[in-house]
Amino acid sequence: MNKTLPLQQLIRRAHQKKKHLGEFLKKLARRKPAHLLKEVKQIETQVWKEVDCLECSNCCRTMTPTFKKSEVKKIAEHVGMTYDQYFKKYLKIDEDNGDIVNQNQPCQHLNLRTNKCSVYAIRPIDCSGFPHLKRKDFLDQTKVYTNNLQYCPATLATIERLEKAMTTKS
Ligand code: SF4
Ligand code: SF4
């Protein structure tokens, strides 16, 4: 994690604040404030100046991305396997929603020493877009963000600052 936001400290803070920030996000979804997306964008841009994913990699260590079939095909080819070989070795279908997900964490493509992704250029779109904070349907994702708070320091920092900003303005 970065110099100002140590990972373990943030994870502890996320556990303490999850309920409170979850309530804040729920209220925000009911209020639908004007200029919300602009505010999120500004805050997120600032947060990424302070958070270095290469010092964290917590999402790749503790969560699974969802894979499109076309992404599985591309990654399997890249590592010299067939689609079926790759699927059998690394993937499964999520019983809850039918998504294609990893069998295990950390992800098979994470270098645990350097925190780098070995398929970075062709990583799933779910990985490249994570934590998906700059979404037009931000207010439809509040449950997802509340869940991600405890895994992703960038999400925690963004939602904390958003709460502060919205409280100041209300
Ligand atoms: S594919 Fe790469 S970016 Fe995605 S979870 Fe695995 S290591 Fe992380
Ligand atoms: S996206 Fe979040 S959890 Fe993943 S490496 Fe970056 S800060 Fe860490």
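**Cis peptides, ligand shells and cores in a predicted model**

Pro-106 is located in the loop that runs between β3 (100–102) and α6 (125–129), where helices (H or I, at least four residues) and strands (E, at least two) are DSSP runs numbered from the N terminus. The peptide bond from Gln-105 to Pro-106 is cis, with omega near -5°. The structure is a predicted model, in which local features need pLDDT of at least 70 and side-chain atom pairs count only at pLDDT 80 or more, while totals for chains, interfaces and linings use all residues. Residues are numbered from 1 along each chain as its sequence is written, and chains are lettered from A and ligands numbered from 1 in the order in which they are written.

A cis peptide bond also joins Phe-130 and Pro-131, with omega about 10°. Pro-131 belongs to the loop between α6 and α7 (142–148). Positive phi values occur at two residues other than glycine: His-35, at about 65°, and Asn-115, near 65°. The loop that holds Asn-115 lies between β3 and α6, and that of His-35 lies between α1 and α2 (36–50). Burial was assigned from C-beta atoms placed from the backbone: a residue is buried if 20 or more other C-beta atoms lie within 10 Å of its own, exposed if 12 or fewer, and partly exposed in between. His-35 counts as exposed because it has 9 C-beta neighbours inside 10 Å. Asn-115 has 17 such neighbours inside 10 Å and therefore counts as partly exposed.

The secondary structure of the protein comprises 8 helices and 3 strands, in the order α-α-α-β-α-α-β-β-α-α-α along the sequence. The protein is divided into domain 1 (7–60 + 131–169) and domain 2 (66–128); the bounds come from an automatic or database domain assignment. Taken over C-alpha atoms, the centres of domain 1 and domain 2 are 26 Å apart. Along the principal axes, the C-alpha atoms fill a box of roughly 55 × 35 × 25 Å. Of the 170 residues, 25% count as buried. Two residues are in contact if their C-beta atoms, placed from the backbone, lie within 7 Å. Among contacts between residues at least 6 apart in sequence, 72% join residues at least 24 apart.

Two ligand shells were described, a residue being near a molecule if its C-beta atom, placed from the backbone, lies within 6 Å of it. The shell around ligand 1 consists of Cys-60, Pro-65, Cys-107, His-109, Leu-110, Cys-117, Val-119, Arg-123, Pro-124 and Cys-127. By class, this shell has 8 nonpolar residues, 1 polar and 1 charged; Ala, Val, Leu, Ile, Met, Phe, Trp, Tyr, Cys and Pro count as nonpolar, Asp, Glu, Lys and Arg as charged, and the others, Gly among them, as polar.

A nonpolar core was taken as a set of buried Ala, Val, Leu, Ile, Met, Phe, Trp, Tyr and Cys residues joined through C-beta atoms within 7 Å. The largest such core has 20 residues, and those with the most contacts inside it are Cys-59, Leu-149, Ala-154, Leu-156, Ala-157 and Ile-159. Two or more residues of this core come from each of α1 (7–31), α3 and α8. Helix α8 gives the most, with 5 residues. Residues up to four places away in sequence aside, Leu-149 touches Ala-14, Lys-18, Leu-21, Thr-155, Leu-156 and Ile-159. A second, separate core of 5 residues includes Phe-67, Ile-75, Tyr-90 and Leu-91.

Lys-26 is in helix α1 and is partly exposed, with 14 other C-beta atoms within 10 Å. Its C-alpha atom is separated by 9.7 Å from that of Asp-140, 114 residues apart along the chain. Ala-165 is in helix α8 and is partly exposed, with 15 other C-beta atoms within 10 Å. With residues up to four places away in sequence left out, Ala-165 touches Glu-39 and Ile-43.
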